[in-house]
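Please keep the 3D view open as you read.

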Amino acid sequence: MNAWNIGFLVWLACGLLFFGIGIRCFFTKKQVGFWANAETPQMENVKAYNRAVGVLWLAYAAVFCVLGIPMLIPQPSALILLSVLGVVFETIVLIAVYIRIEQKYKKK
């Protein structure tokens, strides 16, 4: 087992952590938060909001795990850039989608 395979296992473990966050969001009765150390505004339909945030995290985790695949290729030198830039773009999309979810379910 080489260093890239170990790197992929660590990458996959992080992806599984995101899956865990998504599953927790599905089954939480209280309103879930998204931002660290910030209060989320009250939502009209907490169950639907939690489900939407859960789906968002599950999608993020799936794409995150797929982006780690270049680490399985022997000598992935340039392809690792795909993983790094992919995560940056994916995180920007995650934030943009969350803002839309928050606007949709926020109490007016």
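Is phenylalanine 64 buried or exposed? Keep in mind that the model is a predicted one. In this model phenylalanine 64 is buried, because its relative accessible area is 8%, and the cut-off for that word is under 20%.

Phenylalanine 64 also has ring partners. One of them is phenylalanine 18, and here the pair is edge-to-face, with 5.3 Å from centre to centre and 80 degrees between the planes. This pair joins distant parts of the chain: phenylalanine 18 sits in helix 1 and phenylalanine 64 in helix 2, 46 residues apart. Phenylalanine 18 counts as buried too, since its relative accessibility is 18%.

Now widen the view to ring pairs in general. Searching the whole structure turns up 12 aromatic pairs. Take tryptophan 11 and phenylalanine 64: their ring centres are 4.6 Å apart and their planes meet at 10 degrees, so this pair is stacked; the angle limit for stacking is under 30 degrees. Again the link spans distant parts of the chain, with tryptophan 11 in helix 1 and phenylalanine 64 in helix 2, 53 residues apart. Tryptophan 11 has a relative accessibility of 15% and therefore counts as buried. Ring pairs also tie residues into a cluster, whose members are Trp11, Phe18, Phe34, Trp35, Tyr49, Trp57, Tyr60, Phe64, Tyr98 and Tyr105.

Let's turn to helix 2 itself, which covers residues 46-67. How far apart should its ends be? With 22 residues at 1.5 Å a residue, helix 2 should span 32 Å, and its end C-alpha atoms are 31 Å apart, so the two values agree. Along helix 2, the buried residues include Tyr49, Trp57, Tyr60 and Phe64, as well as Asn50, Gly54 and Cys65.

Helix 3, residues 80-105, takes us to our last stop, as isoleucine 99 lies in it. With a relative accessibility of 38%, isoleucine 99 counts as partly exposed, because that value falls between the 20% and 50% limits. Together with Trp35 and Ile95, Ile99 makes a nonpolar surface patch of about 250 Å².

How values were computed. Residues are numbered from 1 along each chain as its sequence is written. This is a predicted model: local features need pLDDT of at least 70, side-chain atom pairs count only at pLDDT 80 or more; totals for chains, interfaces and linings use all residues. Side-chain values use heavy atoms; hydrogens and water are left out. Patches are made of residues with over 30% relative accessible area and no salt bridge: like charges are joined within 9 Å, nonpolar side chains (Val, Leu, Ile, Met, Phe, Trp, Tyr) within 5 Å. Accessible areas come from the Shrake-Rupley method with a 1.4 Å probe; for residues, only the protein chains shown count as cover. A salt bridge is a side-chain nitrogen of Lys or Arg within 4 Å of a carboxyl oxygen of Asp or Glu. Helices (H or I, at least four residues) and strands (E, at least two) are DSSP runs, numbered from the N terminus. Buried means under 20% relative accessible area, exposed over 50%, partly exposed in between (1.4 Å probe, protein chains only). The expected span of a helix is 1.5 Å times one less than its number of residues. Rings of Phe, Tyr and Trp (its six-membered ring) pair if their centres lie within 6.5 Å; planes under 30 degrees apart count as stacked, over 60 as edge-to-face and the rest as tilted.
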